[in-house]
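Subject: Structure handover and notes

Hi,

Here is the structure I promised to pass on.

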Number of protein chains: 2
Amino acid sequence: MSRGPAKQFDPQEALDQAVDVFWARGYESASLAELLQAMKIGRKSLYDTFGSKHDLFQAAMARYAETQFATIHQILTADRRPLANIRALLRHWEKDSAQPNSKGCLFGNNMPGFGPVDAATSEQIFGYVKQVEDAICSTLRAARQNGELNPAVQPREAARMIVCLSQGMALLSRVSGETSAFQAPVAAVLRLLEA
Amino acid sequence: MSRGPAKQFDPQEALDQAVDVFWARGYESASLAELLQAMKIGRKSLYDTFGSKHDLFQAAMARYAETQFATIHQILTADRRPLANIRALLRHWEKDSAQPNSKGCLFGNNMPGFGPVDAATSEQIFGYVKQVEDAICSTLRAARQNGELNPAVQPREAARMIVCLSQGMALLSRVSGETSAFQAPVAAVLRLLEA
């Protein structure tokens, strides 16, 4: 079966560009024209390689998750005590959210739009977030076994609290315009985990 | 000066309908047709009474803030100990976020869209959020004076943490589909404030 001429573009690079557009603009606001321009491909190549706009968004979410999870995994498994790894992750998010033109989180930015309109995609987005929660929960459990944790902290509860907090910080980073806006909430949660 | 015939609609009621549309759909996605249909008015009445779509959004934000702040104020000044008022506010948000078709927060839902695109509106949105933070901070200070608070809690830091957490919960409520999704983070933060 003929597979046609070789592709004139790198699908991985094109996908990374699509990730950036969906991240900054959101699924619904990102027009096909914007996507094609950023990806530097034509409409036919888009459909042939990625399928529909919604298929492209699915691929973009998977790609974004892969990148973010790699960073999170690296931070949470670094050669430090478990609570120091949690601290490093929170400081990483604090730094990210303090960028002057922070894009926030691709998942968070798209939660309002999918909401109850598209339950399948919403469930998928929540699934990605829960993977982050699981990684945090495991690390908090290790910290508890090490005796590093405030005894009042319950790892599963605290993991969801940290996930909600990080989503709130990423969201507020879209409008805060204060580079120091997230030092306080991160300091507060660290103080309480360690107390 | 002639003021023309009396208005055939109640501007306050029409504005409340606009609040609901912007809340569920977001500023950019809400079309003029949707707004007019929900507000049960014509295009000319909209422009004559509220100005542009952006003016209408400003009025909708002010109206939404007024309603939300009234509820928050009522909860935080109820005849209970200060920390019990904080607990009641967090439980109120938890209950709100657990609604099956939770709309989340009008401000939060619109943060991704305004982001760096419209700095003036972003600043306005952040300003509303900071008013909530101030109210929480005052209540935490009162709780500290009462000796109810974990001594490790710093009211200003913790107030921003609670605001970020509540925004994260409202955001995640758009996709979680779990009515119990926010019991854990609220339990975690209350446990730590009281510890």
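Let me start inside chain B. In H4(B), B:Met61, B:Ala65, B:Phe69, B:Ile72, B:His73 and B:Leu76 meet B:Tyr128, B:Gln131, B:Val132, B:Ala135 and B:Thr139 of H7(B). Here two residues are in contact if their C-beta atoms, placed from the backbone, lie within 7 Å. Helices are DSSP runs of H or I with at least four residues, strands are E runs of at least two, and both are numbered from the N terminus. By class, the H4(B)–H7(B) contact divides into eight nonpolar, three polar and no charged residues. For the classes, Ala, Val, Leu, Ile, Met, Phe, Trp, Tyr, Cys and Pro are nonpolar, Asp, Glu, Lys and Arg are charged, and the others, Gly among them, are polar.

Before going on, the ground rules. This is a predicted model, where local features need pLDDT of at least 70 and side-chain atom pairs count only at pLDDT 80 or more, while totals for chains, interfaces and linings use all residues. Residues are numbered from 1 along each chain as its sequence is written, and chains are lettered from A and ligands numbered from 1 in the order in which they are written.

Back to that pair: the axes of H4(B) and H7(B) come within 11 Å and cross at roughly 5 degrees. Axes are lines fitted to C-alpha atoms, for helices over the stretch in contact, and angles run from 0 to 180 degrees between N-to-C directions. H4(B) and H7(B) are therefore roughly parallel (under 35 degrees; over 145 is roughly antiparallel, 65 to 115 roughly perpendicular, and the rest oblique).

H4 (residues 53-76) of chain B also packs with H5 (residues 82-97) of chain B, at about 140 degrees and with axes 8 Å apart. The residues involved are B:Ile72, B:Ile75 and B:Leu76 from H4(B), and B:Asn85, B:Ala88, B:Leu89 and B:His92 from H5(B). Five of them are nonpolar, two polar and none charged.

The contact of H1(B) with H2(B) has six nonpolar, one polar and three charged residues.

Now for the two chains together. How many residues does each chain bring to the contact? Chain B gives 46 residues and chain A gives 46 residues. On the chain B side, H6 (106-114), H7 (119-145), H8 (155-172) and H9 (183-194) each supply at least two residues, and H8(B) gives the most, with twelve. That side has 24 nonpolar, 15 polar and seven charged residues.

Finally, chain A as a whole: nine helices and zero strands, with a C-alpha trace spanning about 60 × 40 × 30 Å along its principal axes. Residues 24 or more positions apart account for 65% of the chain A contacts with a separation of 6 or more.

Happy to talk any of this through!

Best wishes
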